[in-house]
Amino acid sequence: MPQPLAPEREFTMCFTSTPRGARLARRLVSHRVNDWGHPYATPVNETLTLIAAELTANAVRHGHVPGRDFHLRLTLAEGVARIEVTDSRAEKRPPADPAATDPLSESGRGLLLVTALADDWGATPRRAAPGKTVWAQLRVRQQCHPRTHREAPKPTDVELLLATASLLRDDLGSRPQDTRHEGHRR
């Protein structure tokens, strides 16, 4: 198994072991990857989101232990994105080579998708607790600059704000009436 690299960026969170928790994890992966410079419609974002969806769905379906959550860790280091999903069920490890499923079956293709999409994947025993971690890695190129978090403008002079707001109005007749003064303006 390749050793995890020291992360440049990292996202770790715990989710309820339910379909809703898996859906939330998938959406947060997509948002985080977008924030890290890979917009929603790019192949990197879509691929990592799909891998996360499959791994978290498997954690809910096959790794669920009542009352236990699953953990997701997403890292980006040296051009490699890594998704790790940890659940509490140690005895249900995924097969090293997932077999093709019945074409009429409604399930059983998750790890085939992960195998096809990821550059590498595997499963390891969970450290310090019962369970396992299923991980997948994808080489990525930085296409865009990571999204910078903008700060709200600092409060400025109230009169300047009021003057600017009045310039943006189409006409004075379209302003809402002030009910405190019974519809009359001062």
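**Figure 1. Confidence across the predicted protein chain.** In this predicted model, the protein chain has a mean pLDDT of 77, and 63% of its residues reach 70 or more. Among the elements of the chain, strand β3 (residues 80-87) has the highest mean pLDDT, 96, whereas helix α4 (residues 158-168) has the lowest, 51. Over residues 149-156 pLDDT stays under 50, and the model has two contacts beyond four places in sequence for this stretch. Over residues 167-181 pLDDT likewise stays under 50, with seven contacts beyond four places in sequence. Where pLDDT is low, the predicted coordinates should not be read in detail.

**Figure 2. Overall arrangement of the protein chain.** The chain contains four helices and five strands, which follow one another from the N terminus in the order β-α-α-β-β-α-β-β-α. Of the 186 residues in the chain, 33% are buried, and the accessible surface comes to about 12500 Å², with 54% of that area belonging to carbon and sulfur atoms. Among the contacts between residues at least 6 apart in sequence, 64% join residues at least 24 apart.

**Figure 3. Close-up of helix α1 and the elements it packs against.** Helix α1 covers residues 19-35, and because 17 residues at 1.5 Å a residue should span 24 Å, the distance of 24 Å between its end C-alpha atoms agrees with expectation. The buried residues of this helix include Gly 21, Ala 22, Ala 25 and Val 29, and also Ser 30, Val 33, Asn 34 and Asp 35. Those buried residues pack against β1 (9-15), α2 (43-62) and β2 (70-77). After the helix comes Gly 37, which has a positive phi, near 105°.

**Figure 4. Close-up of the salt bridges around Glu 84.** A search of the whole structure finds five salt bridges, one of which joins the side chains of Arg 73 and Glu 84 at 3.5 Å, N to O. Arg 73 belongs to strand β2 and Glu 84 to strand β3, so this pair ties together parts that are eleven residues apart in sequence. Arg 73 counts as partly exposed because its relative accessibility is 22%, while Glu 84, with a relative accessible area of 13%, is buried. Glu 84 also forms a salt bridge with Arg 82, their closest N and O atoms being 2.6 Å apart, and Arg 82 is buried, with a relative accessible area of 5%.

**Figure 5. Close-up of the salt bridge between Lys 132 and Asp 87.** The closest N and O atoms of Lys 132 and Asp 87 are 2.8 Å apart. This pair links distant parts of the chain, as Lys 132 lies in strand β5 (residues 132-139) and Asp 87 in strand β3, 45 residues apart. Both Lys 132 and Asp 87 are buried. Elsewhere, salt bridges with shared partners join Glu 10, Arg 73, Arg 82 and Glu 84 into one network.

Terms used:
Residues numbered from 1 in each chain as written. Predicted model: local features only at pLDDT ≥ 70, side-chain atom pairs only at ≥ 80, totals over all residues. Heavy atoms only, no water. pLDDT = per-residue confidence, 0-100. Helix = DSSP H or I, 4+ residues; strand = E, 2+ residues; numbered from the N terminus. Contact = heavy atoms within 4.5 Å. Buried < 20%, exposed > 50% of the residue type's maximum accessible area, 1.4 Å probe, protein only. Areas by Shrake-Rupley, 256 points an atom, 1.4 Å probe, with all protein chains shown as cover. Expected span 1.5 Å × (residues − 1). Salt bridge = Lys/Arg side-chain N within 4 Å of Asp/Glu carboxyl O.
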